[in-house]
Amino acid sequence: MTEPHEPQPSSAERPPAPTRGEAFRYWLKLGFISFGGAAGQIGMMHDEVVERRRWVSEKRFLHALNYAMVLPGPEAQQLATYLGWLLHGAFGGLMAGLLFILPSLLLITGLSWVYLAFGDVPAVEAVFYGIKPAVVAIIVYAGWRIGGRVLNNGLLWLMAIAAFLAIFALNIPFPYIIIAAGILGWLGSRVWPERFRGGESHGDGAHETRGPTVVDDDTPPAPWMQFRWLRVVRFLVVGLGLWAAVFGALLAVFGWDGTLTRMGQFFTQTALVTFGGAYAVLPYVYQGGVETYGWLSPTQMIDGLALGESTPGPLIMVVTFVGFIGGWTQAFLGPDQVFLAALLGALVATFFTFLPSFLFILIGAPLVERTRGDLHFTGPLTGITAAVVGVIVNLAVFFTWHVLWPAGFDGAFEWFSALLGIAAFIALARFRVGIIPLILVCAALGAGYQLLL
């Protein structure tokens with residue numbers, strides 16, 4: 001929230017433009033308090049940037065949000081990058097985007113080490129015993145919410161079911177499912193446009209900001225907002241050059257089959273094909289990290305989601321956990337350097353996942369600013385989102401299986417986990433309990449049950 005000593009401008013006057021120092025302090029603070037997933041993070045930014053500080057108008061905020069939602073990758077982090085860019089150009093965008101993820105990177109890396117070093121301690125195991133069913137409930141609830149919002153006709157339901165069967169029964173890779181869904185959405189929007197009509201914004205537009213803002217609806221575009229092909233080429237050269245330099249170094253040191261090289265390739269693909277928010281990313285990361293490369297186990301993936309849900313920053317930061325665990329288990333630097341290998345894995349996973357997000361904003365934002373009022377959800381995005389619902393259901397099925405039958409179907413059924421998961425889902429769906437309180441309560445109940453048992 002805005003600090004008490006900061007004077008609030010009256011509703012009739014335009015507030016002063018924030019300095020880079022003021023923006024730095026806000027984005028850093030947001031990085032440490034951005035709990036609650038994408039919806040909560042977007043709400044926090046709206047409350048501060050639009051309502052309290054009046055740095056950006058309502059319409060400009062929603063326009064930026066629509067663009068972020070169309071892109072692959074973490075929409076909240078991309079929105080923060082866009083807002084920082086509106087205020088201070090490329091420097092502001094980089095500052096906002098980096099500070100949004102930096103605290104989470106530090107926390108996830110530290111907690112991943114604690115998890116590996118002390119994960120077999122009975123008290124720690126007991127805490128994760130309670131958290132796992134909560135994570136399953138959160139995933140089921142996410143699929144239920146997305147499905148309720150998107151699957152508004154039989155054709156989209158059919159696409160969701162087909163996506164579930166494709167990945168569950170046929171084991172078709174996630175990117176192929178998304179590409180097929182996008183093509184079907186594009187074709188369907190031309191044959192049955194009424195069935196592929198997505199939402200046009202994430203707010204009703206009825207609530208306008210109180211008074212003028214720094215970046216208002218009619219504010220003349222700043223120099224960095226002008227679309228220039230030279231600027232596009234410059235950002236492309238710098239961005240692709242960074243990617244090539246890091247990937248080339250990994251290739252030169254570790255070869256094509258090296259763990260870090262594989263991670264660079266895989267998480268670049270993750271950043272480019274995962275439309276639909278963080279929960280759309282998870283099935284692809286699970287399929288690659290667990291099934292294809294064996295960097296971590298299904299149980300470890302569930303535990304990583306628990307850490308991602310209970311720390312600030314975008315949920316996609318679970319890739320940091322996957323990279324850390326993968327580096328640790330592969331021990332590609334030798335048995336005496338497992339921590340360094342894990343740290344490199346975490347950094348590589350994070351770098352290759354987020355680099356495209358910055359390029360999407362810095363390259364695309366000037367063009368998007370020219371289309372204000374014309375950007376809508378497209379038919380392909382509607383088709384992709386419908387398929388994502390089916391993929392999320394598949395993820396929930398796999399995680400439910402590993403939580404309720406940890407030793408396989410021949411082992412004992414975890415009835416307490418089942419009851420705790422059902423209660424957690426009801427708490428989310430019926431009583432709108434927050435993610436953090438839910439995880440804390442489930443962790444306490446699970447630990448109490450395990451330790452007493």
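Let me begin with a term: rings of Phe, Tyr and Trp, the last by its six-membered ring, count as a pair if their centres lie within 6.5 Å, and planes under 30 degrees apart are called stacked, over 60 edge-to-face and the rest tilted. By that rule the structure holds 32 aromatic pairs.

Before I go on, please keep in mind that this is a predicted model, in which local features need pLDDT of at least 70 and side-chain atom pairs count only at pLDDT 80 or more, while totals for chains, interfaces and linings use all residues. Residues are numbered from 1 along each chain as its sequence is written, and side-chain values use heavy atoms, with hydrogens and water left out.

Now the chain as a whole. It has 16 helices and 0 strands, where helices (H or I, at least four residues) and strands (E, at least two) are DSSP runs numbered from the N terminus. Of its 453 residues, 53% count as buried; buried means under 20% relative accessible area, exposed means over 50%, and partly exposed lies in between, with a 1.4 Å probe and protein chains only. If we take the contacts (heavy atoms within 4.5 Å) between residues at least 6 apart in sequence, 77% of them join residues at least 24 apart.

Back to the rings, with two examples. The ring centres of Y141 and F425 are 6.3 Å apart and the planes stand at 80°, so this pair is edge-to-face. Because Y141 belongs to helix α5 (residues 122–150) and F425 to helix α15 (residues 415–429), the pair ties together parts that are 284 residues apart in sequence. Y141 is buried, at 11% relative accessible area, whereas F425, at 24%, is partly exposed.

In the second example, F266 and Y293 have ring centres 5.8 Å apart and planes at 70°, so they too are edge-to-face. F266 lies in helix α9 (residues 259–273) and Y293 in the loop between α10 (278–292) and α11 (298–309), so parts 27 residues apart in sequence are tied together by this pair. There is also one aromatic cluster, formed by W243, F247, W256, F351 and F352.

What about charges? Side chains of opposite charge can pair when their charged atoms come close. A salt bridge here is a side-chain nitrogen of Lys or Arg within 4 Å of a carboxyl oxygen of Asp or Glu, and a search of the whole structure finds 5 of them.

One of these joins R60 and E369, with the closest N and O atoms 2.8 Å apart. R60 sits in helix α3 (residues 58–70) and E369 in helix α13 (residues 338–369), so the bridge ties together parts 309 residues apart in sequence. Both R60 and E369 are buried. Another salt bridge links R53 and E48, at 2.8 Å from N to O, and these two residues are buried as well. In a further bridge D257 meets R262 at 2.7 Å; here D257 is exposed, with a relative accessible area of 64%, and R262 is partly exposed at 28%.

Finally, where does a charge meet a ring? The charged end of R20 sits over the ring of F91, 4.1 Å from its centre, the rule being that NZ of Lys or CZ of Arg is within 6 Å of the ring centre and within 35 degrees of the ring normal. R430 likewise lies over the face of F431, at 5.4 Å from the ring centre.
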